[in-house]
Amino acid sequence: MRWIIYISQMLMPLTVFSVVMYGFLQNVNIYAAFVEGAKEGLETVVGILPTLIGLMCAVEVLRGSGVLEALCRLIEPLISVTGFPVEAVPLALMKAVSSSGATGLLLDIYNIFGPDSFTGRVASVMMGSTETIFYTMSVYFMSVGIKKTRYTLKGALIANLVGIICAYGVVLWVFGR
Amino acid sequence: MLNFIWGGMLILGIIWGLCSGKSAEITTSLLNGGKDAVNLAITMAGIISFWCGIMKIAEKGGIIKGIAKRLMPVMKFLFPQVPKNHKAMQYIATNLAANFLGLGWAATPAGLMAMKELQDLNKDKTIASRAMCMFMIINMSSVQLISVNIFAYRAQYLSQNPSEIILPSIIATCASTIAGIVAALIYERRFGK
């Protein structure tokens, strides 16, 4: 599936090209806008650094102490039939609860298996196709005082589950094991 | 929530490690975690700042509005209960367009405004309306063109080709969004009203 990888490589340069071109045509003061945005981006990175330090330390401790390994051994019999990478299961569960916690686990997977391993690729794709359901739901519904959310949670969980399965399927299809 | 998750990870990890005689490993982990995070932030600072700068140009050029406008026909199908020119429609479209571009700071305020407008249309103020359930499900599974964070993380951990997962990610997230919409439509029928 080389063409999928090829398009992936094209997307970022193409986006940058189209945006700059579009900015020109719309008479945007592009360089000033760029600098303004880059400054905001820098502030974002500095802003998330404390969270990142806290969570990466916590995940490293989980890894170093052997908890993660024990957890993976525990779920292995349940999951190994499907061929889904066992190490990505804690990530899938964590992603529904906490985005920063999931980032910590993702980086641990990159560290242990490498980003270009099968597990690393499934984890990468899964990060984009799943969402922090519980947090997002509580923020949005609480903001307007809704108590009964009816089928929202079920629908979002179905979407997440399909996202996880597709992450696995697509990586298997495009890259193989 | 993070109090329990973060605290739990540290406490469980330290107890487990001490019981299995891995105190040295834990010390190393505590020292390395912070160091890795700072190294990562340095890589991220370059990539994310650049990307945010590019996206600012798009934003100033009115691209969010442009995408939002294109979304309108689909929106009519997804939210038949909301009047066509209602403000809620604009906010929902803005939220989805900003999510598509990965502009979290533009997406959340628009999303919260959309909820407020939908609440105005809602008959029972404590129960979520159909439109709210649909909006939340789509919002939570929404498609993102390029997740630049993942790109930065992969680059930091020396991926041979950090961008190779972009299209696979788009495919997987489209599938999850479609599944969410189908689930919402089925539940709408079943729950009635």
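In chain A, 45% of the 177 residues are buried (20 or more other C-beta atoms within 10 Å of the residue's own, with C-beta atoms placed from the backbone). The model is predicted: local features need pLDDT of at least 70 and side-chain atom pairs pLDDT 80 or more, whereas totals for chains, interfaces and linings use all residues. Residues are numbered from 1 along each chain as its sequence is written, and chains are lettered from A in the order in which they are written.

The secondary structure of chain A consists of eight helices and zero strands (DSSP runs of H or I of at least four residues, and of E of at least two, respectively). The C-alpha trace of chain A spans about 60 × 50 × 35 Å along its principal axes.

The axes of α2(A) (residues 30–65) and α5(A) (residues 99–113) come within 9 Å and cross at roughly 55° (axes are lines fitted to C-alpha atoms over the stretch in contact, with angles from 0 to 180 degrees between N-to-C directions). Residues of α2(A), including Leu55(A) and Val59(A), meet residues of α5(A), among them Gly104(A) and Leu107(A) (contact requires C-beta atoms, placed from the backbone, within 7 Å).

The contact between the chains takes 90 residues from chain A and 86 residues from chain B. On the side of chain A that touches chain B, α2(A) gives the largest share, 27 residues.

Methods
Contact = placed C-beta atoms within 7 Å. Buried ≥ 20, exposed ≤ 12 C-beta atoms within 10 Å, placed from the backbone.
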